[in-house]
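Visitor: I would like to know what stands behind the terms used for this model. Please take them one at a time.

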Amino acid sequence: MTDDERTVLISGAGIAGATLAYWLAEYGFRPTVVEREPRLRTGGNPIDVRGGAVAVAGRMGVLPRIREARVRTEGLWFVNAAGERVAGMDLRGSADAPDDDEVELARGDLAEILHRASAARTEYLFGDAIRSVREDPDGVTVTLERGGDRRFGLVVGADGLHSAVRRPAFGEEGRFVHHLGYYAAAAPLTDDHGVADHWGAVYNEPGRMVGVSRTVPDRPAQALFAFRQVRPLDYDHRDVAEQKRLLAEALAGMSWRTPLILEQALQAEDFYFDAVSQVRMPGWTRGRFALVGDAGYCPALLSGAGTTLAMTGAYTLAGALRESGGDHRAAFARYEAEHRAVVADGQSKAAEYAAELIPGSREAIDRRDALVGLPS
Ligand SMILES: Cc1cc2nc3c(=O)[nH]c(=O)nc-3n(C[C@H](O)[C@H](O)[C@H](O)COP(=O)(O)OP(=O)(O)OC[C@H]3O[C@@H](n4cnc5c(N)ncnc54)[C@H](O)[C@@H]3O)c2cc1C
């Protein structure tokens, strides 16, 4: 193995990117992470770290910090247009007894914890992105938007649903990204909208959902929006103003506190909007390129599995590179073989969860509410 083989460029400083950087450095590689945004993205709603990902966090030594940042969800109300509680779940019994196999925390807190764990041994380049890549038998020449030309042994896309590595190395987004028929958005609010600490409230109209959650201690309430949109929307996924306009149009005329919640969310800087889509690919590696996390196998927003697949995938890929002594062909084959079943399981429930949160008709909303019932 040449020295060059140990240099790895990772595109994206999210959950997968930081986890991979940590483990590559741990195994003697030299990771560089290039992140398009000028600083770490810390927005988003709480996400779940489950099973294998809890074990990965434990081996990284960050589990105590993850547990400290854990959110406590005591329950969730489904409300009607007048704000009356029509169904709900009281989770207080389970909230008091932390489950070792699952931790829920704000996405931004997790991103920060993982970034901090990896930063000392990783070169982070914020506010830059890959412009083009050129592979040859000995490595990859990468041209960065701002940083000019650099040489790396391997290039890994950990840059989410709209990966900039997937396009040149594997093909157009449309071949791999499968739209599940919904869009979702998240933003911080300036008001709690009557929702108690550690609780959430959800309001539905057919094919549309507005939620407010107060589960992250000492932070403003968070809004979560979702709407059904069978045909994919044609928009620039980097144009936040356009995304805000699309959300406002989709939720126009909704009752409950929607106009107020929407107004606050649309003013938030930390606004997140994306399609509820799944990435399905026959392979996540090609030549000297590999994909981890949402870039290669996004299970879809709302599925609750994205973070776990990203962390376990990054750990498996780094471990495979170590085991193969840096022979990337053998390592990539091993990564594909070991992680495929984990991804299949994580992706299997996404559509089901979305249908539960965003029922398509009045009857389906009533049916869901009757099924959930009111806590005694
Ligand atoms: C701000 C934000 C909020 C989110 N909120 C939620 C949420 O509320 N609920 C939920 O289920 N999931 C949310 N997600 C997605 C969730 O984090 C992922 O599904 C999951 O954790 C898998 O992580 P990942 O590392 O593959 O992708 P991500 O965590 O999405 O990280 C991808 C990173 O790549 C960067 N990036 C994108 N394109 C480029 C490029 N061309 N060059 C360089 N860098 C690039 C992004 O800025 C981001 O930092 C959110 C993601 C982000 C970025």
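Guide: Strand β14 is covered on both faces: R208, V210 and V212 on one side, and M209, G211 and S213 on the other, are all buried. This is a predicted model, in which local features need pLDDT of at least 70 and side-chain atom pairs count only at pLDDT 80 or more, while totals for chains, interfaces and linings use all residues. Residues are numbered from 1 along each chain as its sequence is written, and side-chain values use heavy atoms, with hydrogens and water left out.

Visitor: Why is β14 called largely enclosed by the rest of the structure?

Guide: Buried means under 20% relative accessible area, exposed over 50%, and partly exposed in between (1.4 Å probe, protein chains only). Six of the six residues of β14 (208–213) are buried, so the strand is largely enclosed.

Visitor: What makes β14 a strand, and which strands does β14 pair with?

Guide: Strands are DSSP runs of E with at least two residues, helices being runs of H or I with at least four, and both are numbered from the N terminus. Two strands pair if DSSP finds at least two bridges between them. Strand β13 (199–205) is joined to β14 by six bridges and runs antiparallel, with A201 as the bridge partner of V212. Strand β15 (222–228) also pairs with β14 in the antiparallel sense, over six bridges, and there R208 has F227 as its partner. In the hairpin of β13 and β14, two residues lie between the strands, and G207 takes a positive phi near 75°.

Visitor: How do you know that β17 and β18 are paired?

Guide: They have two bridges, in the antiparallel sense, and the rule asks for at least two, so the pair qualifies.

Visitor: What makes a group of residues a nonpolar core, and which members of the largest one touch the most others?

Guide: A nonpolar core is a set of buried Ala, Val, Leu, Ile, Met, Phe, Trp, Tyr and Cys residues joined through side-chain atoms within 4.5 Å. The largest has 72 residues, of which I10, L20, I66, L110, V292 and L317 touch the most other members. Apart from it lies another core, of 30 residues, among them A185, A187, A201 and F271. Contact means heavy atoms within 4.5 Å; beyond four places in sequence, the contacts of L110 include I15, I47, V49 and I66.

Visitor: Why is the D90 and R92 pair called a salt bridge?

Guide: A salt bridge is a side-chain nitrogen of Lys or Arg within 4 Å of a carboxyl oxygen of Asp or Glu. For D90 and R92 the N to O distance is 2.8 Å, so the pair meets the rule. By this rule the count comes to 23. D48, R50 and E102 are linked in a network of such bridges.

Visitor: What are the N and O distance and the positions in the chain for E145 and R131?

Guide: The closest N and O atoms are 3.8 Å apart. The pair links distant parts of the chain, 14 residues apart: E145 in the loop between β9 (139–144) and β10 (148–152), R131 in strand β8 (130–136).
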